[in-house]
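The entries follow the order in which I went through them.

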Amino acid sequence: MDNATYSYVNDCTPLTNCKSGRKAGGSTVVNMSHAGKKPPNDYLVWSLCNTLYVNFCCLGFMALIYSIKARDQKTLGDMRAAQECSDKAKWYNILASGWNLLIPLLLLGLLVLLLVHLGSSEGTFDFFGEDGFQSFMKLFSR
């Protein structure tokens with residue numbers, strides 16, 4: 001259908017003079033440069049979890065900053081800057097998650113090694129028994 005086939009009762013359009021007639025419509029340009037690409041992920045929830053949990057060396061906080069920057073750039077339409085901030089947030093999250101998992105695992109390993117050492121040094125070691133604490137303290141007083 002063409003605009004010329006419509007019949008308008010009133011030629012008055014908003015914000016125009018009623019005496020002006022309708023003009024033929026021009027062409028419309030639609031920018032489709034980013035239509036096929038998925039917008040970058042901002043990793044905001046992951047960053048928030050890393051910030052609230054252990055947060056070793058403020059890695060989770062740095063990830064949170066870059067996640068917010070990525071979301072802001074995505075909102076502004078700058079997909080290149082959003083992708084850069086998203087990549088930085090991702091790597092800070094990976095480092096923070098690694099540290100958040102590594103530290104408790106190391107502490108658990110040290111506790112297991114301590115209990116194995118205590119159990120093997122005197123045959124059977126009753127760590128939670130009546131004389132357990134005194135035996136435990138004897139190990140460190142040698």
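The entries below are my notes on this model, which is predicted.

Entry one, a serine. I began with Ser 67 and found that this residue sits in helix α2, which spans residues 59–76. Leaving aside residues up to four places away in sequence, I listed what Ser 67 touches, and the contacts are Asp 42, Tyr 43, Leu 44, Ser 47, Ala 89 and Asn 93.

Entry two, charged pairs. Side chains of opposite charge can pair when their charged atoms come close. I searched the whole structure for salt bridges and got 2.

Asp 42, which I had already listed as a contact of Ser 67, forms a salt bridge with Arg 71, with the closest N and O atoms 2.6 Å apart. I noted that this pair links distant parts of the chain, since Asp 42 belongs to the segment before α1 (44–52) and Arg 71 to helix α2, 29 residues apart. Asp 42 is buried at a relative accessible area of 5%, whereas Arg 71, at 40%, is partly exposed.

I found the side chains of Glu 84 and Arg 80 meeting in a salt bridge at 2.8 Å, N to O. Glu 84 counts as partly exposed at 42% relative accessibility, while Arg 80 counts as exposed at 55%.

Technical notes. Residues are numbered from 1 along each chain as its sequence is written. This is a predicted model: local features need pLDDT of at least 70, side-chain atom pairs count only at pLDDT 80 or more; totals for chains, interfaces and linings use all residues. Side-chain values use heavy atoms; hydrogens and water are left out. Helices (H or I, at least four residues) and strands (E, at least two) are DSSP runs, numbered from the N terminus. Contact means heavy atoms within 4.5 Å. A salt bridge is a side-chain nitrogen of Lys or Arg within 4 Å of a carboxyl oxygen of Asp or Glu. Buried means under 20% relative accessible area, exposed over 50%, partly exposed in between (1.4 Å probe, protein chains only).
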